[in-house]
Amino acid sequence: MALRCGIVGLPNVGKSTIFNALTASSVPAENYPFCTIEPHLGIVPLPDDRMEMLAKIFKPEKVTPATIEFTDIAGLVRGASKGEGLGNQFLGQIRQVAVIIHVIRCFEDDNITHVEGSVDPVRDAGLIETELLLADMETLEKSVYRLSKLAKKEKSAQKELDVISRLQDHCNSGNMARSFEAEEDDLSTIRRLFLLTRKPILYVANVDEDEITHDKRNPHVQALFEFAKKENNLSIRLCGKIEQEISVMDDEGKAMFIEDFNLPEPGLNKLIHAGFRLLELETYFTGGPTEVRAWTIKQGATAPEAAGEIHTDFQRGFIKAEIIKYNDLVRLGSERSVKEAGLAQLQGKEYIVQDGDCIYFHFNV
């Protein structure tokens, strides 16, 4: 499963600049609203130092990292749910992603126009969430109307109507759909609606060079971080301008730049790690002389579910999984050495895959 992220925000907050940095692309980033009209898609490899070590051990013909998809969606404005700005088509694009990356301007600059007239991160965050919630309320209203008519003919529709009606009341009271408590059996009904406010949000505070290099948090950032915590979402700081400079450098230049500016890691790494935490994702590996490959799965996935990421036949015909721990493989230097040390494990259908597991699946279809 690829991690699919939608980058949203008000116009002129640095969305396209950060998208360019993340994907090393050249999407226009200008000082006027709606510079991004069509959504831009960037697919980038998941940064993972373990892949390099596995390549040295297996010496494969090719190395295939996990990937992350970033979509740069046009700036939303007040009234977007009613067609203001570029309208509902962009809300529809958000429905297709797993996590929303909300870029919020947290720096002062008189030369860059703010569509709301001033820098206020909490106001901006709330404005976008309100538009997402209004769009969800419209979706729920249509669903309740449809199910009300259907329930008169089919008794099975009544249960769905009850669930959606309770969710509608929840959202009409100003609550996000992700805070609605539902039984596992009811979640499939809710998922089919692709509600915007069920998606987790990673707030990205776009700050200036002085703040990011001196590791100090201005009042705008502090307020946004507190808001994110209250909403049970995550927040990070990036400097879009610096990240775009880093993105066009070679590896040696990046390392020197990061060291000179006292940055712990590139912003892309920080953002992806936060996204993985937010979605509770992890990575396992397959390896051999042909290919070393990384696979992304949900935390708590069983061995057959992990096999299904490779091919549905692997899950359907699953027999067992041969597990080698990454640390054992690196320490002993080869698959053969791990097996001779008795550290390779054969696991069945109940095994919960752990981050960093190297797996060979046995199956029969």
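User: Is Y284 buried or exposed in this model?

Analyst: This is a predicted model, so treat every value as computed from it. Burial is read from relative accessibility, and under 20% means buried. Y284 has 0% relative accessibility, so Y284 counts as buried.

User: What is the relative accessible area of W295?

Analyst: W295 has a relative accessible area of 10%. W295 is therefore buried.

User: How many aromatic pairs does a search of the whole structure find?

Analyst: The search finds 6 aromatic pairs. To read one, take two values: the distance between ring centres and the angle between planes. Planes under 30 degrees apart count as stacked, and planes over 60 count as edge-to-face. Now the case of Y284 and W295. Their ring centres are 6.5 Å apart and their planes lie at 20°, so this pair is stacked.

User: Which strands hold Y284 and W295?

Analyst: Y284 lies in strand β8, residues 281-286. W295 lies in strand β9, residues 291-298. The pair therefore ties together parts that are 11 residues apart in sequence.

User: Are the rings of F318 and F361 stacked or edge-to-face?

Analyst: Use the angle again. The planes of F318 and F361 are at 65°, with ring centres 6.4 Å apart, so the pair is edge-to-face. This pair links distant parts of the chain. F318 is in strand β10 (residues 318-325), and F361 is in strand β12 (residues 357-363). They are 43 residues apart.

User: Are F318 and F361 buried or exposed?

Analyst: F318 is buried, at 6% relative accessible area. F361 is buried too, at 7%.

User: Which residues form one aromatic cluster?

Analyst: Y284, W295, F318 and F361 form one cluster.

User: Where does R105 lie?

Analyst: R105 lies over the face of F107. The distance to the ring centre is 4.9 Å.

User: How is empty space found?

Analyst: A probe the size of a water molecule is rolled over the atoms, and this shows where empty space is left. Start with the largest pocket. Its volume is about 870 Å³. The lining of this pocket has 25 residues, and A98, R191, R198, L279 and K298 lie nearest the centre.

User: Which elements each supply at least two residues of that lining?

Analyst: They are β1 (3-8), α6 (184-191) and α11. The largest share, 3 residues, comes from α6. By kind, the pocket lining divides into 16 nonpolar, 1 polar and 8 charged residues.

User: How many cavities of 30 Å³ or more are there?

Analyst: The search of the whole structure finds 2. A cavity is a space where the probe fits but cannot get out. The largest cavity has a volume of about 40 Å³.

User: Which residues line the largest cavity?

Analyst: The lining is I212, R237, L238, E243, L263, P264, E265, G267 and K270. The lining divides into 4 nonpolar, 1 polar and 4 charged residues.

Definitions and conventions
Residues are numbered from 1 along each chain as its sequence is written. This is a predicted model: local features need pLDDT of at least 70, side-chain atom pairs count only at pLDDT 80 or more; totals for chains, interfaces and linings use all residues. Side-chain values use heavy atoms; hydrogens and water are left out. Helices (H or I, at least four residues) and strands (E, at least two) are DSSP runs, numbered from the N terminus. Buried means under 20% relative accessible area, exposed over 50%, partly exposed in between (1.4 Å probe, protein chains only). A charge sits over a ring if NZ of Lys or CZ of Arg is within 6 Å of the ring centre and within 35 degrees of the ring normal. On a 1 Å grid over the protein atoms alone, a cavity is a set of points where a 1.4 Å probe fits but cannot get out, and a pocket is an open set with protein on both sides within 12 Å along at least five of seven lines; lining residues have an atom within 4 Å of a point. Grid points are joined across faces, edges and corners, and a volume is the space filled by probe spheres set on the points. Ala, Val, Leu, Ile, Met, Phe, Trp, Tyr, Cys and Pro count as nonpolar, Asp, Glu, Lys and Arg as charged, and the others, Gly among them, as polar.
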